[in-house]
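Subject: Structure handover

Hello,

Here is the structure we talked about. Please open it alongside this note. My findings follow below.

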Amino acid sequence: MSNLALACTLIFVAVTAVLSLKQKLGLEKEIAIGTVRSAVQLLFIGYVLHAVFSAQKPIIIVLIVACMIAVAAWNAGGKARQLRGIRVRIAAALLCTEAITMALLLGLRMIEPEAQHIIPISGIIIGSSMIVCGLYLNQMRREMDTARGEIEALLALGATAKQAMKRSIRRGVRGSMIPTLDAMKTVGLVQLPGMMTGMIVAGADPIEAVRYQMLIMFLLASSAALTAMLLSSISYKLWFNEELQLIELPDKD
């Protein structure tokens with residue numbers, strides 16, 4: 001892509017801003033900030049990855065993945081930042097998911113143990129898992145409003161915190177996985193995913209692109225389930241205070 005073609009992509013941003021102004025959505029500032037940040041961040045990571053791929057040093061790969069997990073945990077934790085320790089638990093869930101999935105990918109030789117394979121796929125895993133964490137926390141916030149009476153009644157009858165939260169946790173996990181499962185059902189019919197499209201545009205054989213996309217879709221389903229279940233199992237106690245009473249979170253963070 002030429003620099004002129006790249007500059008022309010700002011037309012899409014301009015259209016979005018104009019529509020926001022016309023509809024009085026008040027999103028112009030967010031659109032501008034998002035545009036600048038995404039451009040700067042992508043250019044920065046592009047140069048970083050160029051250097052990393054040339055160096056091929058494991059310690060650098062580990063540091064980059066760790067940075068991804070830290071940023072993802074901080075961002076997802078903002079959905080329920082009043083829960084003390086939620087970001088640490090999100091980071092733990094993301095780390096476990098990344099470790100398990102990457103161990104399988106490398107152990108079964110589905111990908112090569114090289115930076116150009118590990119880092120992009122790790123980004124896909126961590127990024128999608130971050131979204132799952134955010135969806136789970138949003139769902140649990142709603143559960144604390146709609147199922148509060150049910151949970152408190154179970155606690156009054158002698159149930160443990162885990163027993164009282166069991167149904168809410170199950171609904172939270174299911175809700176966080178719905179977008180991933182819906183994407184699996186419509187991929188190839190409604191949308192052509194990013195990796196597949198990128199490979200085809202770059203000139204790769206469509207069948208080879210489909211094979212890699214199948215790997216990614218199955219990987220996303222697995223990582224979504226792992227992340228949601230891990231986070232739910234290590235974070236449910238945070239919704240209670242020391243007296244085993246449900247805490248109340250404000251409607252907006």
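Glu 152 is partly exposed, at 40% relative accessibility. Keep in mind throughout that this is a predicted model.

**The Arg 148 pair**

Glu 152 forms a salt bridge with Arg 148, at 3.9 Å from N to O. Both residues sit in helix α7 (residues 148-156). They are 4 residues apart there, so about one helical turn separates them. Arg 148 has a relative accessible area of 16% and is therefore buried, the cut-off being under 20%. Glu 152, at 40%, counts as partly exposed.

**The other salt bridges**

The count for the model is 4 salt bridges. Here are two more of them.

Arg 167 pairs with Glu 150. Their closest N and O atoms are 3.9 Å apart. This pair links distant parts of the chain, with Arg 167 in helix α8 and Glu 150 in helix α7. The two are 17 residues apart. Arg 167 is exposed, with a relative accessible area of 53%. Glu 150 is partly exposed, at 29%.

Arg 171 and Glu 143 also meet in a salt bridge through their side chains. The N to O distance is 2.9 Å. Arg 171 belongs to helix α8 (residues 161-186) and Glu 143 to helix α6, so this pair ties together parts that are 28 residues apart in sequence. Arg 171 is partly exposed, with a relative accessible area of 34%. Glu 143 is buried, at 5% relative accessibility.

Which residues are linked in a network of salt bridges? They are Glu 143, Glu 150, Arg 167 and Arg 171.

Gln 139 lies in helix α6 and touches Arg 171 and Gly 172, leaving out residues up to four places away in sequence. At 16% relative accessibility, Gln 139 counts as buried.

**Where α3 meets α6**

Two packed helices are described by the angle between their axes and the distance between the axes. The axes of α3 (residues 28-55) and α6 (residues 115-146) come within 9 Å. They cross at roughly 140°. That makes α3 oblique to α6, since only angles over 145 degrees count as roughly antiparallel.

On the α3 side, the contact involves Leu 49, Val 52 and Phe 53. On the α6 side, their partners are Ala 115, Gln 116 and Ile 119. The contact residues divide into 5 nonpolar, 1 polar and no charged.

Gln 56 is found in the loop between α3 and α4 (58-77). Gln 56 touches Glu 114, Ala 115 and Gln 116, not counting residues up to four places away in sequence. Gln 56 and Gln 116 are 60 residues apart in sequence. In space their C-alpha atoms are 8.8 Å apart. Gln 56 is partly exposed, with a relative accessible area of 32%.

Ala 17 lies in helix α2 (residues 10-23). Leaving aside its neighbours within four places in sequence, Ala 17 is in contact with Glu 28 and Ile 31. Val 187 is 170 residues away from Ala 17 along the chain, and 29 Å separates their C-alpha atoms.

**The whole chain**

How many helices and strands does the protein have? It has 10 helices and 0 strands. The C-alpha trace spans about 65 × 55 × 35 Å along its principal axes. Of the 253 residues, 33% are buried. Among contacts with a separation of 6 or more, 69% join residues 24 or more positions apart.

**Confidence**

The mean pLDDT of the protein is 86. A value of 70 or more is reached by 96% of the residues. Where is confidence lowest, and where is it highest? Confidence is lowest in helix α9 (residues 194-201), at a mean of 75. Confidence is highest in helix α5 (residues 86-107), at 93. Where pLDDT is low, the predicted coordinates should not be read in detail.

Best wishes

Definitions and conventions:
Residues numbered from 1 in each chain as written. Predicted model: local features only at pLDDT ≥ 70, side-chain atom pairs only at ≥ 80, totals over all residues. Heavy atoms only, no water. Axes fitted to C-alpha atoms, helices over the stretch in contact; angles between N-to-C directions. Parallel < 35°, antiparallel > 145°, perpendicular 65-115°, else oblique. Contact = heavy atoms within 4.5 Å. Nonpolar A, V, L, I, M, F, W, Y, C, P; charged D, E, K, R; others polar. Buried < 20%, exposed > 50% of the residue type's maximum accessible area, 1.4 Å probe, protein only. pLDDT = per-residue confidence, 0-100.
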